[in-house]
Amino acid sequence: KIEVAGTTRLSQEEVKNYAKEFLNIIFFNSADLEENLKKKFAAINSVEASRRLFEKTVKIQITEREDWAVWCKEKCFYIDKKGVIFRESPQFVGQLFLKIRDERNADFREGDTVIESRVLKNLADFMERVKTNPGLLIKNIEIKNDQEFWLYFEDPSGILLVGELKVVMDNRNSPSVQQAK
């Protein structure tokens, strides 16, 4: 018997059926099962598998990734705060989520980290600092290359310097964020 807990978007039946392929109640390797589940289901942030031998039960506790923004290339996906794309999203989601348009010449698929954690942390810190200023609310971000991110504000004004991210105005009066050298 397999018990799955902690899922809200993932199908418990899908997880159970996939887990069955890796289970032998006598020779149980929780680390292998956890690793395979994370590879198969990009929406899993963390997973713990344990066995109750006398009950002949395997318990799988899952923590799913949380939506942080919508990342788009040819298709759109939800992205978490670690920069991992994990679930397809609608092309247009209004203002519920930050929108990130990626223009890099690279292929990505579910489960890939699309924004380096250091850069993502700087972006998140910057967004946290400016969210109290209504003129600097970020509508969307364009990733031009690994070093250049353009931030589009609701009402662009001013020049800011935050950590390693430098905000500058281009000739169209739209702010952009670039790695400070």
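Colleague: How much space lies in the largest pocket?

Modeller: Please bear in mind that this is a predicted model. Rolling a probe the size of a water molecule over the atoms shows where empty space is left. For the largest pocket, the space comes to about 380 Å³.

Colleague: Which element gives the most to the lining of the largest pocket?

Modeller: The lining has 18 residues, and W68, L98, M127, K131 and I138 lie nearest the centre of the pocket. Two or more residues of this lining come from each of α3 (117-130) and β8 (138-145). With six residues, the element that gives the most is α3.

Colleague: How many residues in the lining of the largest pocket are nonpolar?

Modeller: The lining comprises 18 residues. Six of them are charged and one is polar. The nonpolar residues number 11.

Colleague: How many charged residues does the lining of the second largest pocket have?

Modeller: This pocket holds about 170 Å³ of space. Its lining consists of N45, T63, E64, R65, E66, D67, W68, D80, K81 and K82. By class, one is nonpolar and two are polar, while the charged residues number seven.

Colleague: Are helices α1 and α2 oblique or roughly parallel to each other?

Modeller: The axes of α1 (residues 12-20) and α2 (residues 30-40) come within 10 Å and cross at roughly 130°. Angles under 35 degrees count as roughly parallel. The two helices are therefore oblique.

Colleague: Which residues of α2 does α1 meet?

Modeller: α1 passes α2 in a right-handed crossing. The contact has five nonpolar residues, one polar and one charged. From α1, V15, Y18 and A19 take part, and in α2 they meet L33, N36, L37 and K40.

Methods:
Residues are numbered from 1 along each chain as its sequence is written. This is a predicted model: local features need pLDDT of at least 70, side-chain atom pairs count only at pLDDT 80 or more; totals for chains, interfaces and linings use all residues. Side-chain values use heavy atoms; hydrogens and water are left out. Axes are lines fitted to C-alpha atoms, for helices over the stretch in contact, and angles run from 0 to 180 degrees between N-to-C directions. Helices (H or I, at least four residues) and strands (E, at least two) are DSSP runs, numbered from the N terminus. Angles under 35 degrees count as roughly parallel, over 145 as roughly antiparallel, 65 to 115 as roughly perpendicular and the rest as oblique. A crossing is left-handed if the near helix is turned anticlockwise from the far one by less than a right angle, and right-handed if clockwise. Contact means heavy atoms within 4.5 Å. Ala, Val, Leu, Ile, Met, Phe, Trp, Tyr, Cys and Pro count as nonpolar, Asp, Glu, Lys and Arg as charged, and the others, Gly among them, as polar. On a 1 Å grid over the protein atoms alone, a cavity is a set of points where a 1.4 Å probe fits but cannot get out, and a pocket is an open set with protein on both sides within 12 Å along at least five of seven lines; lining residues have an atom within 4 Å of a point. Grid points are joined across faces, edges and corners, and a volume is the space filled by probe spheres set on the points.
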